[in-house]
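User: Hey, can you walk me through how the ligand is held here?
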Amino acid sequence: MDNPPNRTMIKAKMKTTLLLVTLVAVGAAHSFSADKKIVVGFSQIGAESGWRTANTESIKSEAAKRGIELKFADAQQKQENQIKALRSFIAQGVDVIAFSPVVETGWQPVLTEIKRAKIPVILSDRAVKVTDNSLYLTFIGSDFIEEGRRAANWLAKASGGKAIIVELVGTPGSAPAIDRKKGFEEVLAKYPEMKIVKSQSGDFTRAKGKEVMESFLKSTDAKQITALFAHNDDMALGAIQAMEEAGSKPGKDILIVSIDGVRGAFEAMAAGKLNCTVECNPLIGPQLFDAVEAVMAKRPLPKRTTVQEGVFEQSQAAAELPKRKY
Ligand code: AHR
């Protein structure tokens, strides 16, 4: 007959059982979180501006901070590359797809494919035009129309409602180019002595902004120009270079208002070469991944989330410069 277990043996057995239960629990928790690692596919437009670089950095660093696996694709400014990236995210079976659409139209077919694959879509920074808004879950980004209005209101005040304006437009067909123009012109309609005399795309890049401004300055009526509205700071910075090379004084001979609020714009304002920048905040990584986590937890999301932004003039530049995060 077996001897009955003594107290020490019972205690030892209990300890072993407890340890095993703990190990199993830890193992389960570990494999649970490992299995549940969120995978996000993000298609970025490219690296056309200082704003875009800051936006990419905000998205990458926030994903890393939260332990989210980010499959990042740079589309080099091409919609076809973005569509390819979105299809490859479907093939890889990511949990959430997010992207910043280079242009507004042409997304319906690929978004329908994503919907069929039951992958939620978050629009980041720019909107799309689709007939069925259920093709995306939510859109996080700035109010570009309001930015255009803010730029025009500033110029109306600074010029006393009288200005011969040249306009450097963003990427043709993109939401910020369409909306900023719309907002700007909406305000201009109230000022009969403020007129846009030339308007051309500088594709949101510094090089193109410089090139287009050079051609504006070579035109026969160049001497009439009193103001520049640039749809982003990078194009304004390129235009400033063009003005200096042509012997005119940016910020004095020609008033300049642009959009974004990148550090380079604050430096130009502090140097008296740019007059105003309307902020467009690229640091939306935290909001984007809040939305991703909400989707994964099946929490409801608003269809639209905007970003808080300000307007900055030359007089604020020096004090603001050290505080700029992008
Ligand atoms: O979509 C945001 C715009 O895109 C920024 O104003 C511009 O700098 C960028 O390239």
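Analyst: Let's start with D260: an N or O atom of its side chain is 2.6 Å from an oxygen atom of the ligand. That's a polar contact (a pair of N or O atoms within 3.5 Å). This is a predicted model, where local features need pLDDT of at least 70, side-chain atom pairs count only at pLDDT 80 or more, and totals for chains, interfaces and linings use all residues. Residues are numbered from 1 along each chain as its sequence is written, and side-chain values use heavy atoms, leaving out hydrogens and water.

User: How far is the polar side-chain atom of N232 from an oxygen atom of the ligand?
Analyst: For N232 the distance is 2.9 Å. S49 also has a side-chain N or O atom 3.0 Å from a ligand oxygen.

User: How much of the ligand's accessible area does the protein cover?
Analyst: 100% of the 280 Å² that the ligand has on its own, by the Shrake-Rupley method with a 1.4 Å probe.

User: Switching topic, which classes of residue make up the shell?
Analyst: Four nonpolar, two polar and six charged residues. Here Asp, Glu, Lys and Arg count as charged, Ala, Val, Leu, Ile, Met, Phe, Trp, Tyr, Cys and Pro as nonpolar, and the others as polar.

Technical notes
A polar contact is a pair of N or O atoms within 3.5 Å; within protein, one must be able to donate a hydrogen and the other to accept it, and residues adjacent in sequence count only if both atoms are side-chain atoms.
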